[in-house]
Amino acid sequence: MDWLGTGIDSPLVVSRAVHFAATAMTAGALIFRAVVAEPALWSEEAAVFVRTQNLCVASLGLAVAAASGVCWFLLQAAAMAGLSLKEAIADNALLVVMNETQFGFVSELRLALAITLAGCLTYDRYTSSRWLALASALGLIATIAGTGHAVSGVGEAGFMHLTADVLHLIAAAAWPGGLVSLALLLATARHHKDLAWASAAKDITRRFSTLGIVGVGVIFATGVVNTWMLVGSMQALIGTDYGRLLGLKISLFATMLAIAAANRFFVTPRLDLRPEDAPRLVAFRQLTRNSMIEIALGMAIFGIVGLLGTLHPAIHISP
Ligand code: HEM
């Protein structure tokens, strides 16, 4: 469906981008809760609050991921069959794609993971349910790798590309995906007057920043592998639409990185001050605002990736 006359299937690109962002937000909330927030909490009341807040983020993310995932499947199946959506439904093409293609098989697997995750989120009061939710969410984000360019390779190089893409996706959930949970927690902590919230917020911001450093390292290293496999040369990076779009994505990533570094080295240390100190309140506001900017940049990156996966990789195009 070429809505804009650009040769780009816009509804497909949008549904992919929304699905990537929502799935990353879902997995990010559960990673944030298990690895960053819960170990830093000081009271049962705070633990229940943070658990519930992240449960809401994960549930909302899953609902959006499910809706966009269904749209993505329908539009992709129609595109694969070379039919309009109406014709694909009438011709049973959806069933053929579901049962006879790799995309259909991975979609079935992802549907099972989404249903498991929904069940676990419903019974979130049980510890085992919370761990299974985390595992299903990681599975849901990692299996996106089975739907794109990363499955086109063969042999050792193909295996390396697929592994890199799985790690790329998990790291994208942990860092940009977890930012939504961090921003919400900071906004809540800002309105609490007691020191316990202030010191927990600082601890949580530091822990998230450490997770972010690992995430950034993994995103960068695996992004380089992806780029090597799909672009292959500087000439293709500069001389093709695919390469230039990827370049834009890398610039947005660098901007996110600069903001994260400013948060870590200049803003977070100011949370040390007493609760009534004005600089501490300003620091809280800055951290929340910077996290929102990072989230917006992350969304733009998911938008670009939604498009990149529908284009021919630069390595197959002569610039
Ligand atoms: C915040 C930073 C980033 C996020 C959130 C992000 C997210 C993603 C996502 C969701 C995908 C889709 C995976 C798939 O379809 O299987 C992807 C693919 C990719 N990423 Fe990233 N990425 C980031 C940074 C980078 C960086 C720094 C590089 C390069 C050094 C990079 C290079 C790539 C490439 C080449 C692909 C393959 C696109 C395709 O399938 O055609 N990414 N990224």
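1. Ground rules. This is a predicted model, with residues numbered from 1 along each chain as its sequence is written, local features needing pLDDT of at least 70, side-chain atom pairs counting only at pLDDT 80 or more, and totals for chains, interfaces and linings using all residues. Side-chain values use heavy atoms, with hydrogens and water left out. The helices carry numbers from the N terminus and are DSSP runs (H or I, at least four residues; strands are E, at least two).

2. H2 against H4. Two packed helices are described by the angle between their axes and the distance between the axes. Helix H2 (residues 44-81) and helix H4 (residues 93-100) have axes 9 Å apart, at an angle of about 95 degrees. Axes here are lines fitted to C-alpha atoms, for helices over the stretch in contact, and angles run from 0 to 180 degrees between N-to-C directions. H2 and H4 are therefore roughly perpendicular to each other. For the wording: under 35 degrees counts as roughly parallel, over 145 as roughly antiparallel, 65 to 115 as roughly perpendicular and the rest as oblique.

3. What touches what there. On the H2 side you'll find Phe73, Leu74, Ala77, Met80 and Ala81, which meet Ala93, Leu94, Val97 and Met98 in H4; contact means heavy atoms within 4.5 Å. By class, this contact has 9 nonpolar, no polar and no charged residues. The classes are: Ala, Val, Leu, Ile, Met, Phe, Trp, Tyr, Cys and Pro as nonpolar, Asp, Glu, Lys and Arg as charged, and the others, Gly among them, as polar.

4. H2 against H5. H2 also packs on helix H5 (residues 102-122), at about 160 degrees with the axes 11 Å apart. That makes H2 roughly antiparallel to H5. The crossing is left-handed, meaning the near helix is turned anticlockwise from the far one by less than a right angle (clockwise would be right-handed). From H2, the residues in the contact include Leu55, Leu62, Trp72 and Phe73, and from H5 they include Phe103, Arg110, Leu117 and Leu121. The contact of H2 with H5 comes out as 11 nonpolar, 4 polar and 1 charged.

5. A closer look at Leu55. Leu55 lies in H2. Setting aside neighbours within four places in sequence, Leu55 is in contact with Arg33, Leu121 and Asp124. If you want a distance to check, the C-alpha atoms of Leu55 and Cys71, 16 residues apart along the chain, are separated by 24 Å.

6. H8 against H9. The axes of helix H8 (residues 179-190) and helix H9 (residues 195-230) come within 10 Å and cross at roughly 165 degrees. H8 and H9 are therefore roughly antiparallel to each other, and their crossing is left-handed. Leu179, Leu182, Leu185, Leu186, Thr188 and Ala189 in H8 meet Trp197, Ala201, Ile204, Thr205 and Phe208 in H9. That contact divides into 9 nonpolar, 2 polar and no charged residues.

7. Rolling a probe the size of a water molecule over the atoms shows where empty space is left. On a 1 Å grid over the protein atoms alone, a cavity is a set of points where a 1.4 Å probe fits but cannot get out, while a pocket is an open set with protein on both sides within 12 Å along at least five of seven lines; lining residues have an atom within 4 Å of a point. Grid points are joined across faces, edges and corners, and a volume is the space filled by probe spheres set on the points. The search finds 2 cavities of 30 Å³ or more.

8. The two cavities. The largest holds about 60 Å³, and its lining includes Ala21, Met25, Pro176, Val180 and Phe302. Helices H1 (10-37), H7 (155-177) and H12 (278-308) each give two or more residues to that lining, and H12 has the largest share, 4 residues. The lining has 8 nonpolar, 2 polar and no charged residues. The second largest cavity, about 30 Å³, is lined by Thr205, Arg206, Ser209, Arg264 and Thr268, with no nonpolar, 3 polar and 2 charged residues.

9. The largest pocket. This one has about 850 Å³ of space. Of its 39 lining residues, His168, Asn226, Leu246, Lys249 and Val305 lie nearest its centre. H9 supplies the largest share of the lining, 8 residues. The lining divides into 24 nonpolar, 12 polar and 3 charged residues.
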